[in-house]
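The sequence and model are shown below.

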Amino acid sequence: MMNEANVVARHIVEWVTAKIRRGVGSSDADAGLRDIHRLVVAKLGDHPALRDAEEEAGTGDGTVSELTRQQIELAITAAARKDGAFAAAVISALAAGRATSGPVIAGAGSRVFTGDARAEARSAGIAIGQVGGDVALTPPDPPEPGRSLP
């Protein structure tokens, strides 16, 4: 649930800022955000990080700080570890949102996928992945380099 907690926290921040800025409409994207927001609020209740997000979005430039987003992510992660049904419901809501709007954008130029995935870099590109849980490398790490040739 680690990768998903990051995505869910971003959704919560997006929902809060959208609600403050324009009032949330009835588009499919808003419906997906609304469902995720409802799940998280039902589980976390009046968590201080959720209150902070509302306050921050309602003042100044209407944004939520990275620190508050991280606190929301940690609260979601802790709740999911303690409650498997909550974790499953959040993952299901994310999957439903992806079905209507495609992969979730996690940041400029990045995408988040859950489940099995493969990242491969070509033509001097860079492939980076985040893994939660057990990892098996195939083939195993290469041996230590030997002495360089003249």
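## Packing of helix 3 and helix 4

Helix 3 and helix 4 are roughly antiparallel to each other, because the angle between them, about 150°, is over the cut-off of 145 degrees. The model is a predicted one. Helix 3 covers residues 48-57 and helix 4 covers residues 66-82, and their axes lie 9 Å apart. Two packed helices are described by the angle between their axes and by the distance between the axes.

The crossing of helix 3 with helix 4 is left-handed. On the helix 3 side, the contact is made by Ala-49, Leu-50, Asp-52, Ala-53 and Glu-56, and on the helix 4 side by Thr-68, Gln-71 and Ile-72. Sorted by class, four of the residues in this contact are nonpolar, two are polar and two are charged.

## Ala-53 in the helix contact

Ala-53 belongs to helix 3. Its relative accessibility is 0%, so Ala-53 counts as buried. Leaving out residues up to four places away in sequence, Ala-53 touches Val-16, Val-64, Thr-68 and Ile-72. Of these partners, Thr-68 and Ile-72 are also named on the helix 4 side of the helix contact. Val-64 is 11 residues from Ala-53 in sequence, and the two C-alpha atoms are 5.7 Å apart.

## The loop between helix 3 and helix 4

Gly-58 is located in the loop between helix 3 and helix 4. With a relative accessibility of 52%, Gly-58 counts as exposed. The C-alpha atoms of Gly-58 and Ile-20 are separated by 6.1 Å, although the two residues are 38 residues apart along the chain.

Thr-63 is also placed in the loop between helix 3 and helix 4. Thr-63 has a relative accessibility of 35% and therefore counts as partly exposed. Apart from neighbours within four places in sequence, Thr-63 is in contact with Thr-17, Arg-21, Glu-56 and Ala-57. Thr-17 lies 46 residues from Thr-63 along the chain, with 6.5 Å between their C-alpha atoms.

In soluble globular proteins, nonpolar side chains tend to be buried together. Here the largest nonpolar core has 27 residues, and those with the most contacts inside it are Val-8, Ile-12, Val-40, Ile-72 and Ile-76. Two or more residues of this core come from each of helix 1 (2-22), helix 2 (28-44), helix 3, helix 4 and helix 5 (84-101). Helix 1 gives the most, with eight residues.

## His-37 in helix 2

His-37 is part of helix 2. The relative accessible area of His-37 is 14%, so this residue is buried. Not counting residues up to four places away in sequence, His-37 touches Ile-12, Trp-15 and Val-16. Ile-12 is also among the residues with the most contacts inside the largest nonpolar core. Between the C-alpha atoms of His-37 and Ala-93 there are 9.9 Å, and the two are 56 residues apart along the chain.

## The chain as a whole

The protein chain has five helices and two strands. Along the sequence, these elements follow the pattern α-α-α-α-α-β-β. The chain has 150 residues, of which 31% count as buried. Among contacts in the chain with a separation of 6 or more, 62% are between residues 24 or more positions apart.

Key: Residues are numbered from 1 along each chain as its sequence is written. This is a predicted model: local features need pLDDT of at least 70, side-chain atom pairs count only at pLDDT 80 or more; totals for chains, interfaces and linings use all residues. Side-chain values use heavy atoms; hydrogens and water are left out. Axes are lines fitted to C-alpha atoms, for helices over the stretch in contact, and angles run from 0 to 180 degrees between N-to-C directions. Helices (H or I, at least four residues) and strands (E, at least two) are DSSP runs, numbered from the N terminus. Angles under 35 degrees count as roughly parallel, over 145 as roughly antiparallel, 65 to 115 as roughly perpendicular and the rest as oblique. A crossing is left-handed if the near helix is turned anticlockwise from the far one by less than a right angle, and right-handed if clockwise. Contact means heavy atoms within 4.5 Å. Ala, Val, Leu, Ile, Met, Phe, Trp, Tyr, Cys and Pro count as nonpolar, Asp, Glu, Lys and Arg as charged, and the others, Gly among them, as polar. A nonpolar core is a set of buried Ala, Val, Leu, Ile, Met, Phe, Trp, Tyr and Cys residues joined through side-chain atoms within 4.5 Å. Buried means under 20% relative accessible area, exposed over 50%, partly exposed in between (1.4 Å probe, protein chains only).
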